[in-house]
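Subject: Structure handover

Dear colleague,

Here is the structure for your files. My notes on what was found in it follow below.

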Amino acid sequence: MQPEVRRFVVGPIQTNAYLVTCAGDALLIDPGAPDPALAAAVAGAALRAVVFTHGHYDHIAGAEAFRGPGVPFLIGAADAACLTDPARNLSHLVTGPMALAAGPDRTLADGETLEAGCLRFTVLAVPGHSPGSIAPYGHGMVFGGDVLFDGSIGRTDLPGG
């Protein structure tokens, strides 16, 4: 069964957030800002995990709305501290300090398999934009965060890049 991918452009710098569903099960990737349309879409699915491609503020700031029992927050190990540290997630430089209430429930490593119902992704470690950048790959898709931009390479000039 082929997953459905819905993209939501969220926040002031227009970060891409993705809701990937298959037979009712869902993964939420990079909820970068609170967004009513994203929240409504997630409410209609069985959310199995929130996955962060990296820990910068514009990819994590909307996540708290989705924290709950049975919904682990997952991120590459080298970016785990970004969830709770404004200096590491770079929010202190742009929007003012922000942090999630808690760190990840689990970190992800290169080659690990991420599964939710009929969804299956291989975790690729892609450090460069940040030390812990990851790219879930599967079903003919890759979610690369800010490692690549449309028509260019991703940013590597930020602290840790």
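Val 123 has Pro 136 of strand 9 as its bridge partner. Strand 8 and strand 9 are antiparallel and share four bridges; two strands pair if DSSP finds at least two bridges between them. Helices (H or I, at least four residues) and strands (E, at least two) are DSSP runs, numbered from the N terminus.

This is a predicted model, in which local features need pLDDT of at least 70 and side-chain atom pairs count only at pLDDT 80 or more, while totals for chains, interfaces and linings use all residues. Residues are numbered from 1 along each chain as its sequence is written, and side-chain values use heavy atoms, with hydrogens and water left out.

Four bridges hold strand 7 against strand 8 (residues 119-125) in the antiparallel sense, and Ala 116 has Leu 119 of strand 8 as its bridge partner.

Strand 9 (residues 134-138) has four of its five residues buried, so it is largely enclosed by the rest of the structure. Buried means under 20% relative accessible area, exposed over 50%, and partly exposed in between (1.4 Å probe, protein chains only). Strand 9 also pairs with strand 10, antiparallel, over two bridges, and Tyr 137 is opposite Val 142 of strand 10. The hairpin of strand 9 and strand 10 has two residues between the strands, and His 139 there takes a positive phi near 55°.

Strand 3 (residues 25-29) and strand 4 (residues 46-52) run parallel and are joined by five bridges; Ala 26 is opposite Leu 47 of strand 4.

Asp 25

Asp 25 belongs to strand 3 and is buried, at a relative accessible area of 14%. Its side chain makes a polar contact with the side chain of Arg 48 (2.7 Å). A polar contact is a pair of N or O atoms within 3.5 Å; within protein, one must be able to donate a hydrogen and the other to accept it, and residues adjacent in sequence count only if both atoms are side-chain atoms. Leaving out residues up to four places away in sequence, Asp 25 touches Val 20, Ala 46, Arg 48, Ala 116, Gly 117, Cys 118 and Leu 119, where contact means heavy atoms within 4.5 Å.

The disulfide

One disulfide (cysteine sulfur atoms within 2.5 Å) turns up in a search of the whole structure. Cys 22 and Cys 118 are the cysteines it joins, S to S 1.7 Å. The link of Cys 22 and Cys 118 is left-handed, with -125° about the S-S bond. It connects distant parts of the chain, 96 residues apart: Cys 22 is in strand 2, and Cys 118 is in the loop between strand 7 and strand 8. Cys 22 is buried at 2% relative accessibility, whereas Cys 118 is partly exposed at 32%.

Aromatic pairs

There are three aromatic pairs in the structure. Rings of Phe, Tyr and Trp (its six-membered ring) pair if their centres lie within 6.5 Å; planes under 30 degrees apart count as stacked, over 60 as edge-to-face and the rest as tilted. Phe 52 and Phe 73 have ring centres 5.6 Å apart and planes at 75°, so this pair is edge-to-face. Phe 52 is in strand 4 and Phe 73 in strand 5 (residues 73-76), so the pair ties together parts 21 residues apart in sequence. Both Phe 52 and Phe 73 are buried.

Phe 121 and Phe 143 are also edge-to-face, 6.0 Å centre to centre with 70° between the planes. Phe 121 is buried at 1% relative accessibility, and Phe 143 is buried at 6%. Ring pairs link Tyr 18, Phe 121 and Phe 143 into a cluster.

Regards
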